Amino acid sequence: MKIGRNRRTKVAKFLTSWKNKEDPALGLFSFEPNPDGSDQYVMLRNRTEQYWISGLWNGQYFSLVPEMMYLKSNDMFNISHVSNENESYFTYSVAAPITFQFVMDASGQVQQMYWLETSKTWFQFWSIPRNPCEVYAYCGAFGSCREQNKPFCDCLSGFKPNSEHDWNSLEDYSGGCQRKSQLQCENSILVNGKSDKFMATSAKELPKHLQSTPVANIKQCETSCLNNCACIAYAYENNRCSIWIGSLLNLQQLAVGDTDGKTIYIKLAAYEFSSPRNDKRKFIDGVVGSVAFVLLLGLVVAGGNADIEELLRICRVACWCIQDDETQRPSMGEVVQKLEGVLDVTQSPIPSSIQAHSHYQDHIIFFTASSSSSNQSPHSQNIILQLLHRRPHHRHVILASGGSANYSKII
């Protein structure tokens, strides 16, 4: 392998990454001679952002890559560097009888691997940078890198991956994250919407490509960013206001116990800031939605006419549909079979999500059966009527489980 530059023609030979592990299209990262003409090698993102440099050749190895001395000393690799008026390059070849790879990976790391014939797999024994978080913008826009454990990337609060497939299946985080909720300043429909807010986030360093804004204090700095819809974040440090336009790149989380970081304030839609009232509304809306859907489906299955026993069955199925554990929730086919009476409906556990909202006891009633009875009392009919009726100005979720008219209010 030969990587370098022809000084007469200015043509360079370098490595580029794939787009991801499945797509061999040109990727974001490259390993190439230093554009400044020095006898060093760099790694770049988009051929512009440098995040690693080799150091100068000292006759044995590049000064910032002392591991090269070990690779040479064990007689596995031949490494040399040539620099004259015509060209500058280094060569890397295998001395031992092994099958070897030297690749610019889609992650932004240069990786060295050799083939293990016994297991028919590639074994990675070296990579630079050593930590993925040292790769510039490893987690993409609005992503945050953490060094301690995998996965290395998280989206910032209020954001979600642009591609769940890339993040979860390919471990390709370069696509970054997108907002969960549109900013109020970007949405002309929300004329009377609540103003956007800022969430404080700690980071090892502040991102690049900031703009300085002359203000007197942190409040004016915040107002300056809030009044500029293009501004996505601000920081105030040493009486200096910095704002960011466009995207935030290369944020790195602080290590556990590390307090020596920087604070940056990320602009988010007001909806992303939880409050007891909003939490209560989201919870109740979720339960009401699940129950209402099963009720509607049950009435369709029943042909539009359902007696008390059928309505109780519908309620019991609804209780299974809001279980915390997804494996306990019935599939759509099972829901239909349970509603039709093909499958029995057993008593469901009380979801922990409902137990956690015990302070909403005026809004949530969970019914459990103490016995099985085919005769329904007038009070049982009242349960069903409450379930089907929502009083004006009040939100009540009535959940029935079991086959008896007896019930207990546990929340």
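This is a predicted model: local features need pLDDT of at least 70, side-chain atom pairs count only at pLDDT 80 or more; totals for chains, interfaces and linings use all residues.
The sulfur atoms of Cys-133 and Cys-145 sit 2.0 Å apart. Cys-133 is found in the loop between strand 11 (121-128) and strand 12, while Cys-145 belongs to strand 12, so the bond ties together parts that are 12 residues apart in sequence. Both cysteines are buried.

That link is one of several. The structure holds six disulfides, and a disulfide, in general, is a covalent bond between the sulfur atoms of two cysteines. Counting the bonded cysteines along the chain, the pattern reads 1-3, 2-4, 5-6, 7-10, 8-12, 9-11.

Take Cys-155 and Cys-177 next. Their sulfur atoms are 2.1 Å apart, and the link is left-handed, with -85° about the S-S bond. This pair joins distant parts of the chain, with Cys-155 in strand 13 and Cys-177 in strand 15, 22 residues apart. Why does Cys-177 count as buried? Its relative accessible area is 5%, and the cut-off for buried is under 20%.

With 75° about the S-S bond, the link of Cys-221 and Cys-241 is right-handed. The two sulfur atoms lie 2.0 Å apart. Cys-221 counts as buried because its relative accessibility is 0%, and Cys-241 is buried with a relative accessible area of 1%.

Strands of a sheet pair through backbone hydrogen bonds, either parallel or antiparallel. Strand 12 (residues 143-145) runs antiparallel to strand 13, and three bridges join the two. Within this pairing, Ser-144 faces Asp-154 of strand 13.

Strand 18 (residues 231-237) is another piece to look at. What share of strand 18 is buried? Five of its seven residues are, so to speak, tucked away, and the strand is mostly covered. Strand 18 pairs in the antiparallel sense with strand 19 (residues 240-245) over six bridges. These two strands make a hairpin with two residues between them, and Asn-238 in the turn has a positive phi of about 55°. Strand 18 also pairs with strand 21 (residues 262-268), again antiparallel, over two bridges. Ala-233 takes part in both pairings: its bridge partner in strand 19 is Trp-244, and it stands opposite Ile-266 in strand 21.

Strand 19 also holds Arg-240. Arg-240 is partly exposed because its relative accessible area is 43%, a value that falls between the 20% and 50% cut-offs. Setting aside neighbours within four places in sequence, Arg-240 is in contact with Leu-210, Ser-212 and Ala-235. With Ser-212 there is a polar contact from side chain to side chain, at 2.9 Å. Pro-214 is 26 residues away from Arg-240 along the chain, yet their C-alpha atoms are separated by 7.5 Å.

The last stop is Asp-196, in the loop between strand 15 (177-179) and strand 16 (197-203). Which side chain of opposite charge is nearest to Asp-196? It is Lys-267, 5.2 Å away, and Asp-196 is buried yet has no salt bridge; the cut-off for a salt bridge is 4 Å. What the side chain of Asp-196 does have is backbone partners. One of its polar atoms lies 2.7 Å from the backbone nitrogen of Gln-184, and the side chain also reaches the backbone nitrogen of Cys-185 at 3.3 Å. Residues up to four places away in sequence aside, Asp-196 touches a set of residues including Leu-183, Leu-226, Leu-268, Ala-269 and Ala-270.

Methods: Residues are numbered from 1 along each chain as its sequence is written. Side-chain values use heavy atoms; hydrogens and water are left out. Two strands pair if DSSP finds at least two bridges between them. Helices (H or I, at least four residues) and strands (E, at least two) are DSSP runs, numbered from the N terminus. Buried means under 20% relative accessible area, exposed over 50%, partly exposed in between (1.4 Å probe, protein chains only). Lys and Arg count as positive and Asp and Glu as negative; His and the chain ends are not counted. A polar contact is a pair of N or O atoms within 3.5 Å; within protein, one must be able to donate a hydrogen and the other to accept it, and residues adjacent in sequence count only if both atoms are side-chain atoms. Contact means heavy atoms within 4.5 Å. A disulfide is a pair of cysteine sulfur atoms within 2.5 Å.
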